[in-house]
Amino acid sequence: MNKFISIAILTFCALNICAADLLKDPSLKHASYSFYAKYLTGPKAGKAVFAHNTDLRLIPGSSAKLFTTAAALNILGPDFRFETQFYKDKKNNLYIKGAGDPSLQIADLEAAAARLGKVKNIYIDNSLFNGSGAPPKATWEDIGNYYASTSEALNINNNRLDICLDPATHAVKSISPEVPGLFVKTDIVEKIDASMKTEDIFAYTGATQNDIILRGKINPLSSVLPCVKAAIPNPPLFAAQALKKFLKTNGKIFTEDKINYEDKTLAYSHFSLPVSELIMLTNQKSINLYTDALIKTLCAAKHGVGNYDCGLEELNAYLNSLGIETDAVTITDASGLSRETLVTTDFFVAFLEAEHRSPSFEIFYNSLIKDGEAAYKTGSLSGVRAHAGYAKDRTGNLIAFTLISNNYIGKNTEVSKVHMALINTLSELK
């Protein structure tokens, strides 16, 4: 505590925002928190602006996506694109070779169908990624929801479907996109509460892969149709089904792990946006699927096939290559969904400082959320709020900062106000 106050009060109290007062904010009562900011450029380069509990291991939430996106940018390169390939044989059978593209959309399949001509049967090649498709350490409440969807070699529509309910009867009003054979069961409790959100309803995987159970609370008097963002149960199969519909073929769909492409012809390729743009979508929209696909691709790029464990090894190797202390860090997933991923703000700021020295820093910086003179990534879970990134002071000098709060009782919005007060003040420094 004394270290924080001795550094921060000198700078912040002059601006009528005292760090000591922020630490007394009711939203942080009973919480564990760590705040660290450090100058990277200018005459104060290397000096801390404020530092509190910088060696405390905390859950970073989605701010951990910065590790994965930085590794992808520097290992795969800013121009790397996922290439989903469509092959045909002499009998007009079609083979979809998934490349792990997390951004493939239904409209992309429609465009492919227009180029493929007559097709008999469709074969799915989902073999680029092996092992479990689900993100590691995801909780039972997460599985079944779009933010914890499986990451496959063949993904589609962000592996997400929207299920909308009638608030009065709990009946399913619509499912988009429509998934053939999908069965949705609702187990909803009514509660009249104007503050309730759609997030109070979660999707769970049922007894079979095509079963979804919706559980939670609903306000029967709501005038807004509650829609749940669920995970598509089998993305590769659904992608093939969607393509089959566009092709208007009566053929069958098969999944094959070992396909010989030597006697087949490449009929069409769909290319994703480059990594430089994908990481912007990842960091600004915080799409977990994108980081899960990227981390498996780090492995596949080196070994020819990708999985989560190998991807985590590549990620940790990248972090170690930066020459920063990683002993206090445990990274168990790519997106920050896992509550077992733990970091210190000391490590995080050192990471941000290392990225500042990278030749691809401008691309990395531009991938962050812009807010005045600050650029950052947020992180949010139940009882977790984080902000990590950069701010420029009044003279344009760059400051790296990381703010993480865990285990608080209040609302995320209240903790965010404390974080933002600190971030905004950085921009006012001289």
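The legends below describe close-up views of a predicted model. Residues are numbered from 1 along each chain as its sequence is written, and side-chain values use heavy atoms, with hydrogens and water left out. In this predicted model, local features need pLDDT of at least 70 and side-chain atom pairs count only at pLDDT 80 or more, while totals for chains, interfaces and linings use all residues.

**View 1. A cis peptide bond joins Ser176 to Pro177.** Omega for this bond is near -5 degrees. Pro177 sits in the loop between strand 7 (172-176) and strand 8 (183-190). Strands (E, at least two residues) and helices (H or I, at least four) are DSSP runs, numbered from the N terminus. Most peptide bonds are trans.

**View 2. Asn157 has a positive phi.** The angle is about 60 degrees, although Asn157 is not a glycine. Asn157 lies in the loop between strand 5 (122-125) and strand 6 (160-165). Most residues other than glycine have a negative phi.

**View 3. Helix 3 (residues 65-75) and helix 9 (residues 345-356) cross at roughly 25 degrees.** Their axes come within 12 Å; axes are lines fitted to C-alpha atoms, for helices over the stretch in contact, and angles run from 0 to 180 degrees between N-to-C directions. That makes helix 3 roughly parallel to helix 9 (under 35 degrees). From helix 3, Leu66, Phe67, Ala70 and Asn74 meet Phe347, Phe348, Phe351, Leu352 and Glu355 of helix 9, where contact means heavy atoms within 4.5 Å. By class, this contact has seven nonpolar, one polar and one charged residues. Ala, Val, Leu, Ile, Met, Phe, Trp, Tyr, Cys and Pro count as nonpolar, Asp, Glu, Lys and Arg as charged, and the others, Gly among them, as polar.

**View 4. The buried residues of helix 6 line one face of the helix.** They are Val275, Ser276, Leu278, Ile279, Thr282 and Asn283; buried means under 20% relative accessible area, exposed over 50% and partly exposed in between, with a 1.4 Å probe and protein chains only. Seen down the axis of helix 6, these residues fall within an arc of 160 degrees, so they line one face; the arc is that of the directions from the helix axis to the C-beta atoms. Among the elements covering them are helix 3, helix 7, helix 10 (361-366), strand 14 (369-371) and strand 15 (374-381).

View 5. The angle is about 55 degrees, although Ser286 is not a glycine. Ser286 is in the loop between helix 6 (275-285) and helix 7 (288-303). Ser286 is partly exposed, with a relative accessible area of 25%.

Terms used
Parallel < 35°, antiparallel > 145°, perpendicular 65-115°, else oblique.
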